[in-house]
Each structure stands twice: as structure tokens, then as C-alpha cells.
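The sequence and the structure come first.

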Amino acid sequence: MVAPAQFLDYVDANSTKFIDRLAEAVAIPSISGDAQRREDVFAMARWLRAELDKFGVTTDAIPLGTQHIEGQVLALPPAIVGRIGEDAEKKTVLVYGHFDVQPANVSDGWNTDPFKLVLDKDTGKMFGRGSTDDKGPIMGWLNVLEAHHKLGLPLPVNMRFCFEGMEESGSEGLDDFIASEAKKGADGWFGGVDCVCISDNYWLNDRTPALTYGLRGLTYFNIVISGPGADLHSGIFGGAVFEPMTALVALLGKLVTQDGHILIPGVYDGIKAADDEELRIYNSLDYSVADLEAAAGGHIAVSDDKATVIMARMRNPSLSIHGIEGAFSGVGAKTVIPATVGGKFSLRLVPPQQPDDIRAKVEKYLTEEFAKLNTKSSMKIEYLHGGIPWVADHKHWNYQAAKNATEAVYLKSPDFTREGGSIPVTLTFAENLGVNVLLLPMGRGDDGAHSTNEKLDVSNYLQGTKLLGSYLYEVAEITGTKA
Ligand SMILES: [Zn+2]
């Protein structure tokens, strides 16, 4: 353990105060997706900035412009940026987090008020919206700052902070800010940054800490098929007209096999098979097919082989069909022929797949397959959303420092994981700053981020605070820049 005992003891001695800090943050319903709550996101930004100021961080609130939502123009919440430490001999670590949260209502199925942090003393779980995503980790950094400030301990690295309030709503405004700051070089808020640390994802399970070095990308499509001028009655028109739904179902059926193999020509181009070293990582993960099936709530894994299932989740592309718009649903037996239907599906991407290239392949394939249907309906392909996949060098000192810190705090080696989903800001930092980005999760796989009864375990919060602090010391140690 290279973190000083004083720091670790401070965390133990101040656990109640740290939990109170998280409770204060959770009590501010900073829901970025709800126009009615926009003022609360601003309040959360002010609260966070005041906390940083208390511990000697130089801060600013960066306006990010406006957005159009629900017919009104709303100001975007500011990014809260900060800096502490200007020692040229030390490494400079940039920390990212988001202080906005997903919507939550008791009526969604919460057992408690989502905006009141409730500690269950028997299980050691703290329930509340944002407890784990992402207020807990941000409070972890504040706890680290408080400990060093109160103890008069110098931080082992220079720190830079970038906290945003729109992550749950597409990070509007943030990419432009990061890009323009990066262009300012040494004069910008991110000048001199040597590495980035993001705590906004989760362990694979509820047992073993994780470091995450990859994220899948995304392309999202909507196939819209139209024919009749209005919805028709099947008793009058059934059999006499080409039906859009019939064409849509046929097309959706040509995208992917039952066990997940994507049928679009060329989508797998360039993807390398896993070598022995990579396979060793998957086989050594503290994760099983049973874990996946327990999380999925059914005996439905595509294989009984651990590595196969883990690779399907983390490092291979996938295609999922999400929904059909315009179709009849509901009770009864309505005999409608829908006039226009839309089928939504998306692909999760892995390097070296690129959204633009995949988009072209998907559109070409659908156009050809649609022509083969020989229908008089018409088809339009809408491209809704795209994101690039990301993989970091997990042998970089940034990861080794986090591994050493994890072993020191948790007394076990972390799982090296790749996530099936995406955290777009990861790529924004990696591309604009050109430095290694580490995903260092605080919470467990069963925390229920975005879900009802979101929670963070007290032990993850306090051990996580120690982990974040220890990581900074390990960065200094491993790079030989210790003060
Ligand atoms: Zn998050």
C-alpha cells in the first residue's frame, strides 16, 4: 500500500460524514431529461462547485449553450471544471463524472423515495437515484479532496476535473467544449493532462472489482415501410393489397440468426479473432454463464462455454431488434392493416468497425433484400444514431496503477473487462487529448443504475473512496513522480 495511513484512516473515521455528503447530493433531483427539473440540475452544479471550492480546487462553471426540448428553449447546465496542483514534476490526472441522473418516481416501483438516500443497516446498501450513477463516484473524489485538504497532505498528482450535467441526455454541448479546450493546449483546462480516469460503470458482479478497457460502439436504424394511404380493414383489403407489416417482418427476419450471427455481408470485416492472451483474460474473469443467466433472468445464454458468452457480450458485434412502431398492440383482435410501420434495430460495434461503414453495408443489404420481396410498398431507412467503439491499452501505467490500487484496497486482482455498452465521452477524451483513458468503476454489477431501487453498497463507497485516492498514489509511484 503506497497511500498514506493518514488518508486511509481519515476515510474510516469520517464515514458518516461521507454518507451524509452523498445524501445531500441525492436529495437534489437533477434529472437532465426532464425540462421541469432543469433548475435542479443547475442547483446540483452550484452545489458541486461549492464543494470543490471548499477543498482548494480552482473552479469554473462553463456555459454550454441551449437546447430545444418539448417545444421550449432551455439553457444547458454548465460543465463544472476544476484544477488543483501545478507541480511540473507530477503527473496530471483528469477526472470525469456526471451530476445529472435518470428520472425516478415512486410509482415506477421504488420501495423508498428515490431522492432520499436510505441506508438499509442490515444489508449495508444505500438506495437512491444517482447513488451509484454517478453521484457516488463524484462524492468519492470529493472525499479524497477533503481528506487531503483537512490533513494538510499534498496530493500525489496534479488533478483536473470535468463534471457534466447532461450525460443521461446525450452529453449535449460537452463534446464541443472538450474539443475546443483540447485545441487550446497548455492554456486550456485540460492542458498537461497525462491520463484520464472515469468512474461511471460497474463491476461484472457483486464480488470482484473491475477495470474496464473497452466499450462497444453503436449504429441505430429504423426501417419505415409504407403502402396504403391510411390504415385499412383486413376484411375489406386483406389479400388484395401489399401489406407493409409483411414486408417489415420479412426484412427484420433477414438481419440475424437465432444465436446472434449477423447476416449483413461484410459486417465482420477486419475483426481479429481473440489470441491466447486475450482468451486468458476472459477465462480468468470472475464471471460465469450462470451469472449472466441470473442477471438476464432466464436460462437463455447462447452457449454453455464461458469464454464464448463473455466474448459475445464484450468483444464481438451484435444485432438486436428493438421494436415495431405503428403496429397494432393491446387487447382484443383489431383487424387492422397498418398503413405505415417502422422497425427499429441496432448493432453494437467493436474495433475496427466504424459506424459510417456499417451504415453503408446495412443500407445496401436492406435495399437489395427489399427489392427481392417484390412488394409495391415503399421503404425508407432512417439512421438514428451512431457511436464509435473504443479499446484502450490495458498495459499502460494508468491501468497498472489502478490494478495495484485495487489489490491494495480490496486484496484481490481486478477483472479486466470490456463493456457491451457505450460511454461516448470516453472516446471524446481519448481522441481529443490523445492520452490513455481508464474506466475505474466504484459500484457493483447489481446496483441497478437507470433502474428502480438503484443502490450503492456502503462498502463500495468507502472502499471506493480509498481506491480512488490510492490510485493517485499508485500513479505517482509507478511513473516515478512521487513528491
Ligand atoms: Zn452514468
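Are H98 and D133 buried or exposed? Both H98 and D133 are buried, where buried means under 20% relative accessible area and exposed over 50%, with partly exposed in between (1.4 Å probe, protein chains only). The model is predicted: local features need pLDDT of at least 70, side-chain atom pairs count only at pLDDT 80 or more, and totals for chains, interfaces and linings use all residues. Residues are numbered from 1 along each chain as its sequence is written, and side-chain values use heavy atoms, with hydrogens and water left out.

**Zinc site**

The zinc ion has as protein donors H98 (NE2), D133 (OD) and D200 (OD), 1.9 to 2.1 Å from it. Donors are N, O and S atoms within 2.8 Å of the metal (3.2 Å for Na, K and Ca); water is not among the atoms, so the site may look incomplete. Along the chain, the donors have the spacing H-x34-D-x66-D. H98 belongs to strand 5 (residues 92–98), while D133 sits in the loop between strand 7 (125–127) and helix 4 (135–151); the two are 35 residues apart, and the pair links distant parts of the chain. Helices (H or I, at least four residues) and strands (E, at least two) are DSSP runs, numbered from the N terminus.

**Pockets**

A pocket is an open set of points on a 1 Å grid over the protein atoms alone, where a 1.4 Å probe fits, with protein on both sides within 12 Å along at least five of seven lines; lining residues have an atom within 4 Å of a point. A volume is the space filled by probe spheres set on the points.

| Largest pocket | about 1,300 Å³ | R216, L292, V309, A312 and R313 |

Helix 9 (289–296), helix 10 (306–314) and strand 13 (318–325) each give at least two residues to the lining of the largest pocket.

For the second largest pocket, strand 11 (217–226), strand 16 (378–387) and helix 13 (424–433) each supply at least two lining residues. The largest share, six residues, is from helix 13. Domain 1 (5–215 + 390–478) and domain 2 (217–271 + 316–387) both contribute to this lining, so the second largest pocket lies between them. The domain bounds come from an automatic or database domain assignment.

**Annotation**

An unreviewed UniProt entry lists residues 213–371 as "domain: Peptidase M20 dimerisation". This span is 35% helix and 22% strand, and its end C-alpha atoms lie 42 Å apart.

Technical notes:
UniProt positions are given in the numbering used here, feature names are shortened, and annotations may be inferred rather than shown by experiment.
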